[in-house]
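Good morning, everyone. Please look at the sequence and the structure as I bring them up.

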Amino acid sequence: MRRALLALALSTLSVAQAASVSVYNSLAAWQGAISGAAQTQDFSGYSSGTNLTGVAVLPGVTLTSNLGPVQAFAQTATAFGARNLGNAYFEGHYALPFLAAALDITAFESSPGVPSTAVDQGLLSFLFSDGTTQDLAISGGSGAPIFVGVISTSAIAAFRWTEAHEGNGGNEETGLDNLRVAMRTTNQLPLPGSLPLAMLALLTSGVLPLVRGRPR
């Protein structure tokens with residue numbers, strides 16, 4: 001019987017599910033879905049022009065961009081470079097096991113008939129510790145901050161914000177603001193993939209009683 005239960009526990013390891021992700025488009029909804037307070041970086045404490053590349057703007061959170069140095073500018077994080085190439089992006093990297101993250105995308109304008117504003121959508125992609133990703137197409141607006149928040153059952157490893165394009169093919173210049181992270185959510189149930197491991201630990205430690213058949 002012990003061998004049978006061990007085999008069952010090991011076999012179910014292969015059915016561990018990928019990250020389950022919930023997406024929020026308002027700060028109030030995101031905050032209502034997490035337990036405890038979030039940590040926030042609004043960049044107001046940095047002088048304009050401060051190089052933020054690789055700096056821990058929050059514990060375990062750093063920023064980079066393919067445009068060049070990420071800098072503090074008008075209480076946001078932005079980068080200035082060759083946006084005419086049409087491939088501009090920002091990346092955020094998480095070194096701690098945050099299950100919830102959020103940010104504001106700033107200065108993202110999209111006005112019909114105005115070629116100096118975005119003519120398509122940007123792409124915000126989150127990468128999780130289990131190797132899965134969540135791609136979110138983000139539409140521009142008046143330039144007011146656009147909030148995006150996620151909560152996942154797997155730790156968040158990174159995000160990439162790829163800017164939308166203007167009529168000339170270059171990228172719409174945007175920035176990042178109000179980076180928020182939280183360690184835990186209200187869902188404290190064991191993840192599906194962790195249940196077999198817990199069963200295996202109990203079996204091997206002798207804590208879980210074994211059911212023996214009657215002698216025949």
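Leaving aside its neighbours within four places in sequence, with which residues is Glu166 in contact? Contact here means heavy atoms within 4.5 Å. Glu166 touches Pro115, Ser116, Thr117, Ala118 and Val119, and also Asn171, Glu172 and Glu173.

A word on the model: it is predicted, local features need pLDDT of at least 70, side-chain atom pairs count only at pLDDT 80 or more, and totals for chains, interfaces and linings use all residues. Residues are numbered from 1 along each chain as its sequence is written, and side-chain values use heavy atoms, with hydrogens and water left out.

Glu166 lies in the loop between strand S11 (156-162) and strand S12 (175-182); strands are DSSP runs (E, at least two residues), numbered from the N terminus. Glu166 is buried, that is, under 20% relative accessible area with a 1.4 Å probe, protein chains only. It has no salt bridge, meaning a side-chain nitrogen of Lys or Arg within 4 Å of a carboxyl oxygen of Asp or Glu. The nearest side chain of opposite charge is that of Arg83, 7.6 Å away; Lys and Arg count as positive, Asp and Glu as negative, while His and the chain ends are not counted.

Strand S11 also belongs to an open sheet of 5 strands, in the order S3-S6-S11-S8-S9, with antiparallel pairing. Two strands pair if DSSP finds at least two bridges between them. At the edges are strand S3 (61-65) and strand S9 (133-138), each pairing on one side only. Strand S8 (residues 122-128) pairs with S9 over 6 bridges, and Gly122 has Ile138 as its bridge partner in S9.

Technical notes:
Helices (H or I, at least four residues) and strands (E, at least two) are DSSP runs, numbered from the N terminus. Buried means under 20% relative accessible area, exposed over 50%, partly exposed in between (1.4 Å probe, protein chains only).
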